[in-house]
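Good morning, and thank you for coming. Please look at the sequence and the structure as I show them, and follow along residue by residue.

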Amino acid sequence: MTEPDAPAREDGGARRPERRPRRSDRPGRQDWSSWPEYDAAAAGFRGYWYPVTWSSHVTGKPTAVTLCGEKIALVRDSGQVYALHDRCPHRGVPLSLGDQQFPGTLSCPYHGWTFRLGDGQLCAVITDGPDSRIRGKLGVRTYPTAERLGMVWVYVPLGDEEPHPIDSQLPEELVENAFMMGGRIEPRAGNWRFACENGFDEGHAKYLHRTSLWRLFKAMPTWNITRIVPEGRWIFRVQDEVHWEADFPGVGRWTSKRWWKIQPPKETFNLGNTGKPKKVDPVIESRGFPGFASLSMPGVLRIAYPNFIHYEFYVPVDADNHQYVGVMVNFTEGWKTLGFYAKYLGAIRWLFHGQFSGQDAWMVDVTDAPPEKLYRPDVSLTAWRTLAEEETAKKRAELGAK
Ligand code: FES
Ligand SMILES: [Fe+2]
């Protein structure tokens, strides 16, 4: 930071009008007031579906999750997943500690207040008898649920609106095609916005991940010139220039190229940090992505490679914790899926969703902003915040909510 009040020149020279400090001299952004909705969304954006756990983890025995700061009890009954506010109105005990005494209900473990799964109504009070006067007078909040990609998704409303169809929020190619997937769900420390910003962050991958085993045989660029291209509800990072090495004035040359790494391609392709491959998956090719990294609300990252797509869903738990959901998808069918799944279990899960992504988790945990002083590659961050701001304004207008 420069000193705001530099001493006046003492050489008797004529006084010049005060110059506004150059952008790079300014102290940087002290807060996120330019993005008020984003700033206020520490515990997540409401009005969206979020993946909370694997479908197979939700059974007749309740499971507790926290989403957007709200405690939720999940339970499966006759194949259907139900989500109830995880707090008994009697004395505040978590309903997720209870169990099912009657079909289609969940009973609190303390005094047996029993709630209907469908609408949360208090339908029986076991310890107050069949004619309990409080029965039917109150209930707990319920949340819409859905199952996609082998996971349970919960909708957190903004007001009292009906949820939008979940498929309209998923990456389009996952709704229209058959695919094989492998994934990892991991609770992580740090605000969900840092995780999401890290996912789309232009500058970090080539530097932070240069030491990852996933990139052991592949060099990463040194620096890029990047442009953000909006397309529908997505923003794409498009690389206009890719530089694999550079001379830095006064300090020297820097590259992540090494003798044991594959030489970087002459020309980079729009999918992955690679040259044009021999074969591109037809589903991926047909999408015509302008760049390999794209992001949409409420924090869905898509990294497209020539033959698979990696997605990250950043799920807000509360202001200090999030859940990382990483999914790798291959659009094959039949016996070919076995090969991909073997590759996922044998390598991708450990190298990419494990060690590589662990470097991100480390940075997300220690990021501390604002204040912040953004630099040229951070156009990826500001474009995302602006997208979040615009989409939220649209949503509020649609719902007529204040
Ligand atoms: S606290 Fe739930 S029934 Fe008493
Ligand atoms: Fe990363």
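You will find Leu-374 in the loop between helix H6 and helix H7, the latter covering residues 379-399.

Which residues does Leu-374 touch, once those up to four places away in sequence are set aside? They are Arg-29, Leu-381 and Thr-382.

Leaving aside neighbours within four places in sequence, the contacts of Leu-399 are Leu-158, Gly-159 and Glu-161. With Ile-284, by contrast, the separation in sequence is 115 residues, and the C-alpha atoms of Leu-399 and Ile-284 are 34 Å apart in space.

I turn now to helix H6, residues 336-366. Where is its kink centred? The kink is centred on Ile-348 and amounts to about 60°. Ile-348 is also one of the buried residues of H6. Others among them are Phe-340, Tyr-344, Phe-352, His-353 and Phe-356, together with Ser-357, Asp-360 and Val-364. What covers these buried residues includes strand E11 (180-189), helix H3 (192-200) and strand E19 (321-330).

Two of those covering elements, E11 and E19, bring us to the sheet. How many strands does this open sheet have, and in which order? There are seven, in the order E11-E19-E18-E17-E16-E13-E12, and the pairing is antiparallel. E11 and E12 are the edge strands, each of them pairing on one side only. On average, neighbouring strands of the sheet are turned by 20° against each other, with direction ignored.

Two helices pack on this sheet. Helix H3 touches E11, E13, E16, E17 (300-304), E18 (309-318) and E19, and its direction makes about 165° with that of E18. Helix H6 touches E11 and E19, and its direction makes about 20° with that of E11.

Let us see some pairs in detail. Strand E12, residues 223-231, runs antiparallel to strand E13, residues 234-243, and nine bridges join the two. Within this pair, Trp-223 has His-243 of E13 as its bridge partner. The hairpin of E12 and E13 has two residues between the strands, and Gly-232 there takes a positive phi near 60°.

On to the pairing of E13 with strand E16, residues 293-296: this is antiparallel, over four bridges. Trp-234 stands opposite Ser-296 in E16, while Arg-237 has Ala-293 as its bridge partner in E16.

Another hairpin is formed by strands E14 and E15. E14 covers residues 245-248 and E15 covers residues 252-255; they run antiparallel and are joined by four bridges. Ala-246 stands opposite Trp-254 in E15. Three residues lie between E14 and E15, and in the turn Gly-250 has a positive phi of about 85°.

Let us step back to the chain. The secondary structure comes to seven helices and 19 strands. Of the 402 residues, 35% count as buried. The C-alpha atoms fill a box of roughly 90 × 65 × 35 Å along the principal axes. Among contacts between residues at least 6 apart in sequence, 55% join residues at least 24 apart.

The domain assignment gives domain 1 (58-156) and domain 2 (173-399). How far apart are the C-alpha centres of these domains? They lie 37 Å apart, and five residues of domain 1 are in contact with seven residues of domain 2.

I close with the confidence of the prediction. The chain averages a pLDDT of 90, and 92% of the residues score at least 70. Over residues 1-14, however, the pLDDT is below 50, and this stretch has three contacts in the model beyond near neighbours in sequence. Thank you for your attention.

Conventions: Residues numbered from 1 in each chain as written. Chains lettered and ligands numbered in written order. Predicted model: local features only at pLDDT ≥ 70, side-chain atom pairs only at ≥ 80, totals over all residues. pLDDT = per-residue confidence, 0-100. Bend = angle between axes of the 7 residues up to and from the residue. Buried ≥ 20, exposed ≤ 12 C-beta atoms within 10 Å, placed from the backbone. Pairing = 2+ DSSP bridges. Axes fitted to C-alpha atoms, helices over the stretch in contact; angles between N-to-C directions. Domains from an automatic or database assignment.
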